[in-house]
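This report describes selected local features of one structure. The sequence and coordinates are shown first.

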Amino acid sequence: MKSWKKLVAVAAAGLSIISLGACAAERGGNSGGDSTSSDNLIGISMPTRSLERWNNDGEHLESLLQDKGFATSLQFADNRVDQQISQLQNMINDGADVLVIAAIDGTALSPVLQSAADAGVTVVAYDRLINRTPNVDYYATFDNELVGQMQGEFIRDSLNLDEGAGPFNIELFAGSPDDNNARFFFAGAWGVLEQYFTSGQLVSPSGNVPASLDQWTQIGIQGWSSQTAQDEMETRLNSFYTDGKTVDVVLSPNDSLAIGIAQALQSAGYSAGDSWPIITGQDADVANVQNMIDGLQAMTVWKDTRSLGAQVATMVDQIVNGQTVDVNDTETYNNGVKVVPTFLITPQVIVRDEIQGQLIDSGFIQANQLHGLN
Ligand code: BGC
């Protein structure tokens with residue numbers, strides 16, 4: 001603990017119980033517990049409340065940290081970079097010891113992270129890497145390239161591409177150009193699928209195929225917006241599928257895009273059944289799992305946010321207690337300034353038959369959130 005914080009802690013100890021309670025509430029609550037670390041404040045900065053996963057991530061991590069006795073400040077930033085920066089600055093001003101950040105724009109945080117470093121705050125990048133700054137200490141995430149690879153392999157195997165089947169009409173989508181993960185997702189899928197474009201087994205009637213991996217942002221959907229993905233899919237359907245041509249498969253990097261893409265297909269007259277395209281996804285959001293039950297999405301790559309939260313809570317504990325921090329990858333995630341020590345977790349493909357055994361039985365989704373499964 002920094003010495004001025006010790007002073008604050010000593011002063012706080014002299015205050016009445018009422019004012020201590022008020023202080024904890026302001027910080028987002030402190031359920032008590034380990035008295036040795038309860039004067040450590042952990043800032044949790046999530047990108048938005050508008051996507052299911054970040055609500056789950058934020059609330060779950062907060063409760064794990066509170067169970068360990070930390071005070072927490074959990075903030076969501078409406079997908080606005082300026083808002084995330086000012087929330088982070090406030091956490092630093094409030095004396096945070098550690099910041100856990102899921103960045104909106106992985107390249108926009110350098111100045112505020114400089115002020116974190118100046119204040120001696122340790123920074124953990126959560127799920128998304130923070131780029132172009134030396135002031136990010138650790139990174140915890142799922143294996144992002146593997147997520148995309150799993151989507152690509154699912155398409156390859158479902159269409160029997162290795163047996164020479166095709167040609168199939170495919171539409172490609174990628175994630176938000178400002179999210180470092182999005183490149184990894186596309187790279188993973190492209191590593192599997194590119195050869196089938198070369199062989200002519202996959203063709204994209206809209207022509208939305210990046211000339212090289214580096215140009216993946218051309219098919220990126222800003223802010224991972226469902227609405228933008230829907231609009232883009234509608235444009236492609238209206239412009240390139242007018243002569244009876246049909247879509248066989250859509251590479252969607254995540255569930256929020258898959259929702260919009262499915263909506264556009266339904267509006268264009270596609271319905272569940274044999275002619276419904278294969279659509280990929282990621283996150284196991286409830287609405288998408290429902291779509292899987294209804295035959296409107298073929299798979300999702302599940303990243304159990306509870307394991308990421310548990311890992312990050314352990315890392316925070318290790319940081320605060322001056323212990324060696326667990327990492328299992330010290331090569332892959334170069335942020336342009338340095339390789340950030342990373343803990344990588346393995347994601348998992350889920351198809352309809354696995355919803356009960358994996359998502360419901362593990363408590364990730366409650367049975368009453370879904371209908372028509374059995
Ligand atoms: C996350 C995905 C998520 C996407 C949109 C990515 O950085 O890794 O799980 O679907 O952001 O929120």
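## Aromatic pairs

A search across the whole structure of this predicted model finds six aromatic pairs. A pair of aromatic rings is described by the distance of the centres and the angle of the planes. One of the pairs joins Phe186 and Trp190: the ring centres lie 5.5 Å apart and the planes stand at 20°, so the pair is stacked. These two residues are four positions apart in helix H7, and are therefore separated by about one helical turn. Both Phe186 and Trp190 are buried.

Trp190 also pairs with Phe197, with 5.3 Å between the ring centres and 50° between the planes. Planes under 30 degrees apart count as stacked and those over 60 as edge-to-face, so the pair of Trp190 and Phe197 is tilted. Phe197 is buried, as is Trp190. Elsewhere, Tyr139, Phe184 and Tyr333 form one aromatic cluster.

## Charges over rings

Two arginines are placed over aromatic rings. Arg53 lies over the face of Trp54, at 4.2 Å from the ring centre. The ring of Phe173 has the charged end of Arg236 over it, 4.2 Å from the centre of that ring.

## The four-stranded sheet

Four strands form an open sheet in the order E7-E6-E8-E9, with parallel pairing. Strands E7 (202-203) and E9 (278-279) stand at the edges; each has a single partner strand, so one side of each is left without a neighbour in the sheet. Helix H7 (residues 180-198) packs on this sheet and touches E6, E7 and strand E8 (249-251). The direction of H7 makes about 155° with that of E6.

The pairing of strand E6 (residues 168-172) with E7 is parallel and runs over two bridges. Asn169 has Val203 in E7 as its bridge partner.

## Backbone features in loops

Which peptide bond is cis, with omega near 0°? The bond in question runs from Gly166 to Pro167. Pro167 belongs to the loop between helix H6 (144-158) and E6.

Asp78 has a phi of about 50° and is found in the loop between strand E2 (71-76) and helix H4 (81-93). Trp224 has a phi of about 55°, and its place is in the loop between E7 and helix H8 (226-240). Is Trp224 buried or exposed? The relative accessible area of Trp224 is 7%; buried means under 20%, so Trp224 is buried.

How values were computed: Residues are numbered from 1 along each chain as its sequence is written. This is a predicted model: local features need pLDDT of at least 70, side-chain atom pairs count only at pLDDT 80 or more; totals for chains, interfaces and linings use all residues. Side-chain values use heavy atoms; hydrogens and water are left out. Two strands pair if DSSP finds at least two bridges between them. Contact means heavy atoms within 4.5 Å. Axes are lines fitted to C-alpha atoms, for helices over the stretch in contact, and angles run from 0 to 180 degrees between N-to-C directions. Buried means under 20% relative accessible area, exposed over 50%, partly exposed in between (1.4 Å probe, protein chains only). Rings of Phe, Tyr and Trp (its six-membered ring) pair if their centres lie within 6.5 Å; planes under 30 degrees apart count as stacked, over 60 as edge-to-face and the rest as tilted. A charge sits over a ring if NZ of Lys or CZ of Arg is within 6 Å of the ring centre and within 35 degrees of the ring normal.
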